Amino acid sequence: EISSGTKLGCRSTLFSNDGTTLFAGSTTGSLCALDTQQACSFQADEKSIRWRLPEAHPSSALHSMFQLPDDSPTGPSVLATGDEDGLIQLWDTRLCGISNSNSNNNNKKKKKPCILSWDQNTDYISGFDYHDGVLLASSADC
């Protein structure tokens, strides 16, 4: 169990483009990244977790994920997520493991890992693709 004592249902998984990270999205809307070398062994524990965002999608289960390709303008550091309510979010994974609390300098602007939210859909996001510089999302919207 790699969930800090809480039983979470895993709704979506995705291996990173380079295979070193396993992204997992839960029924509670949390998002985490696991070190594949540790997580895919029989000795997986809290050390397997690279970072966790407990309320990545606070009101809905995370349904789908997609990592942008290496040749995209942002490179593979951007992860797209979609939830049951149609919310799409883009995450800068380089910022996900960084603590935003700094007691020495509270005046600095905090960098947040969610770099874009799109809430124009009304039903779940079923998948993503990337073609000619455009991130495409499919939804169950009619």
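Predicted model: local features only at pLDDT ≥ 70, side-chain atom pairs only at ≥ 80, totals over all residues.

Visitor: What order do the strands of the open sheet have?

Guide: The four strands run E1-E2-E3-E4 with antiparallel pairing. Strands (E, at least two residues) are DSSP runs numbered from the N terminus, and two of them pair if DSSP finds at least two bridges between them.

Visitor: Which strands stand at the edges?

Guide: E1 (10-15) and E4 (49-53) do; each has a single partner strand, so one side of each lacks a neighbour in the sheet. Neighbouring strands are turned by 15° against each other on average, direction ignored; the axes are lines fitted to C-alpha atoms, and angles run from 0 to 180 degrees between N-to-C directions.

Visitor: How many bridges between E1 and E2?

Guide: Five, in the antiparallel sense, with E2 covering residues 21-26. Ser 12 lies in E1 and stands opposite Gly 25 in E2.

Visitor: Is Ser 12 buried or exposed?

Guide: Buried, because its relative accessibility is 8%. The cut-offs are under 20% relative accessible area for buried and over 50% for exposed, with partly exposed in between (1.4 Å probe, protein chains only).

Visitor: Next, Asp 35. Where is it found?

Guide: Asp 35 is in strand E3, residues 31-35. Asp 35 is buried too, at 17% relative accessible area.

Visitor: What does the side chain of Asp 35 reach?

Guide: The backbone nitrogen of Gln 38, at 3.0 Å. A polar contact of 2.9 Å also joins the side chains of Asp 35 and Arg 50. That term means a pair of N or O atoms within 3.5 Å; within protein, one must be able to donate a hydrogen and the other to accept it, and residues adjacent in sequence count only if both atoms are side-chain atoms.

Visitor: Which residues make up the largest nonpolar core?

Guide: There are 12 residues, among them Leu 14, Phe 23, Trp 51 and Trp 91. E3, E4 and E5 (62-67) each supply at least two. A nonpolar core is a set of buried Ala, Val, Leu, Ile, Met, Phe, Trp, Tyr and Cys residues joined through side-chain atoms within 4.5 Å.

Terms used. Residues numbered from 1 in each chain as written. Heavy atoms only, no water.
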